[in-house]
Amino acid sequence: MTDGLTTREIQSELENVLGLDGSTDIIAHVNLEALGPIEGGAETVIAAILAASGTVVMPAFTYQTQIIPQDGPPDNAIAYGTGDEMNARAEFYRPDLRIHPDCGVAAETLRQDGDTLRSIHPILSFIAQGPNARSVLGSQTRQNPLGPIAWLEAHDGGVLLMGVDQRHNFSLHLAEQRAGRKSFVRWALTMNDIEELPNIPGCAEGFNMIWQHLYPFTSVAQIGLARCELIPIEPMLALAEQMLRENPNFMLCNKPSCLSCRARETH
Ligand SMILES: [Zn+2]
């Protein structure tokens, strides 16, 4: 009998099956529940990822700061003037604002660690811990929210997915932007202002369309109950961009009600 996975067991899978060697810088997306029982919970998983990797980046997004204004630019996948309820609940962005639950408990656990740094974007901040944390986070600006993804690409980084599928593979948005796909303007409540933030990517519900095409360079492991993948960012983005240029509607979802995907569709 066991009380669940240990740090040593998870680290061993990350290294021996996925091929992490303690030096690769990664962005990690973790669904803790999918792993099954873990001795020590989120902290155990985070400790294993930190031990197996170089610098660990995770999304620390704060959708709860968002405001919907009365009007704004056209074709922006937003219903202007409908945000009264949401606007009333919006939280001021501050560096210690908790991460939105959609990013998972593991990310919030890493954020609370005293050695973790955070970038400054009021909606799409990242957290990082490790030797290159300052450098990767410094590559993000308000105009360039995907800067850390390009940084990881340029430094032979990888995407680690643990118990999540490609819909959580945020890095694919960089391929969308490079292929010319539209991005959006969003607004966030900050201590000083309501900030207008450009280049915000859209819906990712269609991202599983690329899954099988990534197989040739994806490493796969089963850790606990979860399927886990390590994908090198550079070839992943090159392939995604090429496929998007060949088919401009690739990786859009098919929900008729999806404002984001319908605004980015070409006919
Ligand atoms: Zn969609």
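**Notebook: loops, helices, zinc site and pocket**

I began with Asp-156, which is found in the loop between α6 and β6; helices (H or I, at least four residues) and strands (E, at least two) are DSSP runs, numbered from the N terminus. I noted that the model is predicted, that local features need pLDDT of at least 70 and side-chain atom pairs pLDDT 80 or more, and that totals for chains, interfaces and linings use all residues. Residues are numbered from 1 along each chain as its sequence is written, and side-chain values use heavy atoms, with hydrogens and water left out.

**Entry 1. Two aspartates with positive phi**

I looked up the backbone of Asp-156 and found phi near 55°, a positive value in a residue other than glycine. Most residues other than glycine have a negative phi. Asp-156 counts as exposed because its relative accessibility is 65%; I used the cut-offs of under 20% relative accessible area for buried, over 50% for exposed and in between for partly exposed (1.4 Å probe, protein chains only).

I then turned to Asp-75, in the loop between β3 and α3 (84-89). Its phi is also positive, near 50°. With a relative accessible area of 57%, Asp-75 is exposed.

Which residues of α6 are buried? I listed Gly-147, Pro-148, Ile-149, Trp-151, Leu-152 and Glu-153. The helix spans residues 147-154 and is mostly covered, with six of its eight residues buried. I recorded the elements that cover these buried residues, among them β1 (26-30), β2 (56-59), β5 (126-129) and α9 (233-246); for contact I took heavy atoms within 4.5 Å.

In the loop between α5 and α6 I examined Gln-140. Gln-140 counts as buried because its relative accessible area is 5%. A polar atom of the Gln-140 side chain lies 2.9 Å from the backbone oxygen of Pro-145. I counted as a polar contact a pair of N or O atoms within 3.5 Å; within protein, one must be able to donate a hydrogen and the other to accept it, and residues adjacent in sequence count only if both atoms are side-chain atoms. Leaving aside neighbours within four places in sequence, the contacts of Gln-140 include His-121, Phe-126 and Pro-148.

I located Ala-175 in helix α7. Why does Ala-175 count as buried? The reason is its relative accessibility of 0%. Not counting residues up to four places away in sequence, Ala-175 touches Leu-237, Ala-240, Glu-241 and Leu-244. I also noted 9.7 Å between the C-alpha atoms of Ala-175 and Arg-245, which are 70 residues apart along the chain.

Thr-62 is in the loop between β2 and β3. I found Thr-62 buried, with a relative accessible area of 0%. Beyond its neighbours within four places in sequence, Thr-62 is in contact with residues including Tyr-93, His-100 and Arg-118.

**Entry 2. Arg-227**

Arg-227 has its place in strand β10 (residues 226-232). I recorded Arg-227 as partly exposed, at 36% relative accessibility. Its side chain is joined to that of Glu-229 by a polar contact of 2.8 Å. Among the residues that Arg-227 touches, not counting those up to four places away in sequence, are Leu-161, Trp-211 and Tyr-215. The zinc site

I looked up the protein donors of the zinc ion and found Cys-203 (SG), Cys-253 (SG), Cys-258 (SG) and Cys-261 (SG), lying 2.3 Å from the ion. Donors are N, O and S atoms within 2.8 Å of the metal (3.2 Å for Na, K and Ca); water is not among the atoms, so sites may look incomplete. Along the chain the donors follow the spacing C-x49-C-x4-C-x2-C. The arrangement is tetrahedral because the four donor atoms subtend angles of 103 to 120°; four donors count as tetrahedral if all angles lie between 85 and 135 degrees. Cys-253 and Cys-258 are buried.

**Entry 3. The largest pocket**

I noted a space of about 1,100 Å³ in the largest pocket, the volume being the space filled by probe spheres set on grid points joined across faces, edges and corners. On a 1 Å grid over the protein atoms alone, a pocket is an open set of points where a 1.4 Å probe fits, with protein on both sides within 12 Å along at least five of seven lines; lining residues have an atom within 4 Å of a point. The lining of the largest pocket consists of 40 residues, and Tyr-63, Asp-102, Gly-202, Cys-203 and Ala-204 lie nearest the centre. Which element supplies the largest share of the lining? I found that β1 does, with three residues.

Technical notes. Four donors count as tetrahedral if all angles lie between 85 and 135 degrees; four count as square planar and six as octahedral if opposite donors are over 155 degrees apart and all others between 65 and 115; anything else is irregular.
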